[in-house]
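Subject: Handing over a structure

Dear colleague,

I am passing a structure on to you, and below it I have written out what was found. Please read the notes with the model open beside them.

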Amino acid sequence: MSSSNRVCIRSDAIPAPRFRYSPCVQIGPVVQVSGMVALDAATGQLATGGPGAETALILANLQKALPDYDVTLDDLLIARIFTNRFDAFADINAAWEAVFTAATTPPARTTVGVSALPLGATVEIEFSFVQS
């Protein structure tokens with residue numbers, strides 16, 4: 001596959017990257033969203049309130065960007081959650097289940113414990129979509 005098939009997609013609905021990377025890349029039907037931390041769209045500051053609040057803001061920011069990425073939560077194949085606060089996993093899961101309720105089919109999910117995350121975050125999530 002040539003690089004001409006690779007498209008960088010940006011969304012004004014979420015904070016711009018602080019470092020040099022593509023926040024979202026599409027190749028064919030695959031849409032890969034880079035790891036997101038809980039940045040407030042208005043201030044660019046990291047959310048306060050701990051892992052549950054961070055997870056809720058990440059998911060809210062993702063939902064705001066979905067129209068720009070031309071995908072829906074139904075297209076979400078897998079989410080990879082990274083946290084340095086496994087002691088607060090119940091809070092992370094509660095924020096997750098507020099979006100992915102019993103009425104939905106949730107995506108596959110992996111959660112990985114790490115020692116540190118960018119900008120002092122306690123949660124970072126990356127998302128892989130396949131357009132239907």
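The radius of gyration used here is taken over C-alpha atoms, and the globule rule that goes with it is 2.2 Å times the number of residues to the power 0.38. With 132 residues, a compact globule would by that rule have a radius of gyration near 14 Å, and the protein agrees with this because its own value is 14 Å. Along its principal axes the C-alpha trace spans about 45 × 35 × 25 Å.

Please keep in mind that this is a predicted model, in which local features need pLDDT of at least 70 and side-chain atom pairs count only at pLDDT 80 or more, while totals for chains, interfaces and linings use all residues. Residues are numbered from 1 along each chain as its sequence is written, and side-chain values use heavy atoms, with hydrogens and water left out.

Overall layout

The protein has two helices and six strands, where helices (H or I, at least four residues) and strands (E, at least two) are DSSP runs numbered from the N terminus. Read along the sequence, they follow the pattern β-β-β-α-β-α-β-β. If contact is taken as heavy atoms within 4.5 Å, then among contacts between residues at least 6 apart in sequence, 72% join residues at least 24 apart.

The strands at the start of the chain

Two strands pair if DSSP finds at least two bridges between them. Strand β1 (residues 6–8) runs antiparallel to β2 and is joined to it by three bridges, and V7 has Q26 in β2 as its bridge partner. Strand β2 also pairs with β3 in the antiparallel sense, over four bridges, and here Q26 stands opposite V31 in β3. The hairpin formed by β2 and β3 has two residues between the strands, and G28 in its turn has a positive phi of about 60 degrees.

In the loop between β1 and β2 lies S11, which counts as buried because its relative accessibility is 8%. For polar contacts, the pair of N or O atoms must be within 3.5 Å; within protein, one must be able to donate a hydrogen and the other to accept it, and residues adjacent in sequence count only if both atoms are side-chain atoms. The side chains of S11 and D68 are joined by a polar contact of 2.5 Å, and a polar atom of the S11 side chain lies 3.1 Å from the backbone nitrogen of A13. Leaving aside neighbours within four places in sequence, S11 is in contact with A65, D68 and Y69.

Helix α1 and the residue after it

Helix α1 (residues 51–69) has 19 residues and reaches 25 Å from its first C-alpha to its last, close to the 27 Å expected at 1.5 Å a residue; the expected span is 1.5 Å times one less than the number of residues. A kink of about 30 degrees lies at Q63, shortly before the proline P67, the bend being the angle between axes fitted to the seven residues ending at a position and the seven starting there. Among the buried residues of α1 are L57, I58, N61, L62 and A65, and the buried residues of this helix pack against β2 (24–27), β3 (30–36), α2 (89–99) and β6 (123–130).

What follows α1 is D70, in the loop between α1 and β4. D70 has a positive phi of about 60 degrees although it is not a glycine, and it counts as exposed because its relative accessibility is 57%.

Two further residues

L119, in the loop between β5 (108–113) and β6, is likewise a residue other than glycine with a positive phi, near 60 degrees. L119 counts as partly exposed because its relative accessibility is 37%. Not counting residues up to four places away in sequence, L119 touches R18, F19, V37, L39 and L46.

T83 is found in strand β4 (residues 76–83) and counts as buried because its relative accessibility is 0%. A polar atom of the T83 side chain lies 3.0 Å from the backbone nitrogen of R85. Beyond its neighbours within four places in sequence, T83 has contacts that include I92, T111, V112 and V123.

Technical notes:
Buried means under 20% relative accessible area, exposed over 50%, partly exposed in between (1.4 Å probe, protein chains only).
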